[in-house]
Amino acid sequence: MAAMRSVLLVLVVLLGSACGTTPQDRPPPAPVGAAPAVSAGPVTISIVGTNDLHGHMRELPLLAGYLENLRAARERDGGAVVLLDGGDVFQGTLESNLPEGAPIVRAYDALHYDAVTIGNHEFDYGPVGVRATSAEPGDDPRGALRARIAESHFAWLSANLMRREGGHADLAPASTVIARDGVRIGVIGVTTEQTLTTTIAANVADLTMAPLAATIAVEAARLRSEEHVDVVVVAAHAGGDCERTDEPSDLSSCDAHQEIFRVAEALPEHAVDVIVGGHTHQAVAHLVHGIAIIESHSYGRAFGRVDLTIDLGSRAITNVRVHPPHDLCTDRPPVGSDPSACAHGDYEGAPVHANAEVAAIVNEAVARAEAQRSRPLGVTISAVIDRNGDRECALGNMFTDLMHASMPQADVALYNGGGLRADLPAGPLTYGSFYEALPFDNRFAIVRLTGAELAGLITEDASHGGSVLSISGMHADVHCAGSALTTTLTRDDGRTVTPGETLTLVVSDFLATGGDGFFRAAAAREGGVTIDDGPPMREGMVRVLEAHAGAIGPLTYFDPAHPRIALPHARPVHCP
């Protein structure tokens with residue numbers, strides 16, 4: 001730990017010039033000024049955190065009802081609420097994607113968010129308009145995001161997003177200061193260091209990511225010394241994973257290797273008080289190295305909350321209460337139904353009612369997308385086609401089969417588990433359901449590599465956890481040869497793929513340009529990667545489905561007894 005702190009101090013010095021609280025293109029959403037004079041005594045500040053909405057705005061009117069009750073409770077006791085989001089706000093649904101996130105900004109303004117950190121998928125829209133990447137001179141690869149930031153009355157934050165040639169990126173400030181009921185709260189925004197390999201590479205090619213812990217330490221120290229804040233909160237698009245959230249001090253069910261836990265452990269003591277996390281779509285409500293960390297699943301399902309009791313005389317935090325993630329619904333409503341109609345009971349001593357203003361914003365956006373959403377694809381799904389980003393599953397195999405059928409000149413199709421975003425429900429398949437399973441506007445890409453290189457990629461993927469590769473056109477047998485893990489590839493017709501054989505793969509442009517760390521060597525070779533300039537690959541896959549007609553189900557694509565990638569045991573696979 002001492003060595004880690006030494007490295008941290010060096011990084012603090014190097015990063016000191018990268019931070020600031022003032023946006024370069026517009027003033028802060030509200031003046032902060034000095035905290036008003038108040039009588040000394042305890043006050044409760046409730047930090048509420050959401051994360052990874054991914055365009056699922058139908059949940060927001062009910063969230064607004066919970067917030068109204070909590071704000072009323074804090075008003076009664078003289079406290080206040082600070083509302084933050086851990087990023088990945090836009091990408092994921094037709095109602096959000098078609099207008100490039102504009103309805104989400106309107107809804108978040110109506111919800112009175114204070115600050116939102118930039119998530120990795122905030123870069124997916126690329127320039128303003130239908131193209132997901134720049135194609136014309138003058139196209140801004142982050143134009144859609146800049147437009148949404150300019151429209152927002154809440155603060156967007158990004159402390160560790162840097163330009164490759166040096167200096168802080170010009171999208172958003174590192175932090176903001178909020179004054180509430182005599183308390184000054186500094187909020188810092190950071191984004192996972194995985195960002196550059198988990199979004200469309202062309203839109204972030206000129207950027208780099210500074211280390212989270214060092215960046216936070218610098219800005220937290222500046223906020224306390226220069227801005228005289230009483231509380232420092234981090235909105236981080238970086239997260240953790242805990243199986244239980246009933247006891248904040250019990251970390252036994254948590255994965256200590258997750259990014260936000262490593263960041264918390266590396267921070268100087270008392271630098272940060274609360275972290276609102278995101279990115280992993282998991283649950284966290286724990287105290288780590290003296291820091292309250294919350295993360296609340298994804299898709300608007302729940303919110304997190306930390307109550308801080310602050311003595312206004314000493315300016316000290318005298319009590320910290322970490323609440324488990326609070327599900328908006330006590331019973332999950334059926335897919336596609338109105339979440340506000342679900343069972344939700346009371347909150348803070350009063351019934352929860354969906355907010356009419358937020359509902360009007362949501363209903364307008366949903367109505368505009370309805371014709372496209374409800375379009376039938378002529379296919380009936382017999383049982384749910386499930387997704388699982390960590391192991392072979394029916395949805396991953398279905399996607400690769402559709403990709404292969406769309407680009408039959410390829411020998412094999414590959415798709416990454418992180419791109420599987422929703423199950424396909426049983427019943428007649430609509431465009432909207434398929435869109436939510438594949439909301440990204442990625443293009444097809446052809447990658448050329450040898451049999452040995454493809455076998456090596458699958459071997460490497462098998463030796464790690466996390467996002468899994470799905471395959472079509474070949475079977476892979478991953479096994480131990482002595483102490484070495486190796487893979488044998490066989491075409492669907494039974495022919496073995498030789499190491500020197502040249503293969504063509506159809507993949508997404510996300511993978512082809514380095515996403516998830518794949519195909520960097522191929523992309524560096526002349527002619528190694530070709531990006532299709534046609535419509536998004538989702539549209540080609542939809543055409544294949546429409547031509548198919550009839551019934552399909554999970555067993556159409558995945559037989560657990562005969563997997564396409566055979567492993568000796570669950571990933572990660574290691575040989576003795």
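1. Start with Cys-575 in this predicted model: its relative accessible area is 18%, so Cys-575 is buried. The cut-off for that label is under 20%. Its bonded partner is Cys-480, with the two sulfurs 2.1 Å apart. Cys-480 sits in strand 22 (residues 474-481), while Cys-575 is in the segment after strand 27 (565-566), so this link joins distant parts of the chain, 95 residues apart. Cys-480 has 34% relative accessibility, which means it counts as partly exposed. The angle about this S-S bond is -100°, and the link is left-handed.

2. Now look at Cys-329 and Cys-342, another disulfide, with an S to S distance of 1.9 Å. You'll find both cysteines in the loop between strand 14 (316-327) and strand 15 (346-347), 13 residues apart.

3. What about Cys-242 and Cys-254? They are joined by a disulfide too, S to S 2.0 Å. Both lie in the loop between strand 9 (231-237) and helix 7 (259-266), so the pair ties together parts that are twelve residues apart in sequence. Here the torsion is about 105°, so the disulfide is right-handed. Cys-242 and Cys-254 are each buried.

4. How many disulfides does that make? The count comes to three. Number the bonded cysteines in sequence order and the pairing reads 1-2, 3-4, 5-6.

5. One more cysteine to check is Cys-393: its relative accessibility is 0%, so it counts as buried.

Notes. Residues numbered from 1 in each chain as written. Predicted model: local features only at pLDDT ≥ 70, side-chain atom pairs only at ≥ 80, totals over all residues. Heavy atoms only, no water. Disulfide = S-S within 2.5 Å. Helix = DSSP H or I, 4+ residues; strand = E, 2+ residues; numbered from the N terminus. Buried < 20%, exposed > 50% of the residue type's maximum accessible area, 1.4 Å probe, protein only.
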